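Welcome, and please open your viewer. We will go from one selection to the next and say what is there.

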Amino acid sequence: QVQLVESGGGLVQPGGSLRLSCAASGSIFSIPAMGWYRQAPGKPRELVATITSGGATNYQDSVKGRFTISKDNARNTWYLQMNSLKPEDTAVYLCNAQIKRTPLRSADYWGQGTQVTVSS
């Protein structure tokens with residue numbers, strides 16, 4: 001019923017920028033929290049950034065000051081603004097959200113992932 005549609009990503013040169021988005025659709029009561037993850041080849045999946053319904057954010061140290069997570073509650077859409085990209089940011093990026101379809105039901109949902117490649 002609930003779907004996360006992730007878009008953005010692509011090939012960008014070092015120092016460039018990309019904006020990822022994740023739009024949730026379906027029967028949604030609320031989205032208490034959302035996170036962005038990434039997985040690079042040969043490395044485990046890691047948490048990049050999170051944002052709560054109250055607006056509290058957390059970032060992995062390696063992206064702090066360069067990436068910004070934000071949300072548009074009215075559109076059930078979440079963003080990851082990625083600036084000053086480095087080759088080590090290359091990975092598949094996935095959005096994850098805790099979604100309540102009703103006040104008493106919640107579950108985690110994942111986007112399909114989008115490739116971000118930072119290369120000259």
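**First stop: Thr 114**

Select Thr 114, which sits in strand S11 (residues 114–118); strands here are DSSP runs of E, at least two residues, numbered from the N terminus. This is a predicted model, where local features need pLDDT of at least 70, side-chain atom pairs count only at pLDDT 80 or more, and totals for chains, interfaces and linings use all residues. Residues are numbered from 1 along each chain as its sequence is written, and side-chain values use heavy atoms, with hydrogens and water left out.

With a relative accessible area of 9%, Thr 114 is buried (under 20%; exposed is over 50% and partly exposed in between, with a 1.4 Å probe and protein chains only). Now show Gly 8: its backbone oxygen is 2.6 Å from a polar atom of the Thr 114 side chain. Leaving aside neighbours within four places in sequence, Thr 114 is also in contact with residues including Leu 20, Ala 91 and Tyr 93 (heavy atoms within 4.5 Å).

**Next stop: the rings**

How many aromatic pairs does a search of the whole structure find? There is one (ring centres of Phe, Tyr or the six-membered ring of Trp within 6.5 Å; planes under 30 degrees apart are stacked, over 60 edge-to-face, the rest tilted). Select Tyr 37 and Trp 110: their ring centres are 5.0 Å apart and the planes are at 50°, so the pair is tilted. Tyr 37 belongs to strand S4 (residues 30–39) and Trp 110 to strand S10 (residues 105–110), so the pair ties together parts 73 residues apart in sequence.

Colour by accessibility: Tyr 37 is partly exposed at 21%, and Trp 110 is partly exposed at 37%.

Note on methods: Helix = DSSP H or I, 4+ residues; strand = E, 2+ residues; numbered from the N terminus. Polar contact = N/O pair within 3.5 Å; in protein donor to acceptor, adjacent residues only side chain to side chain.
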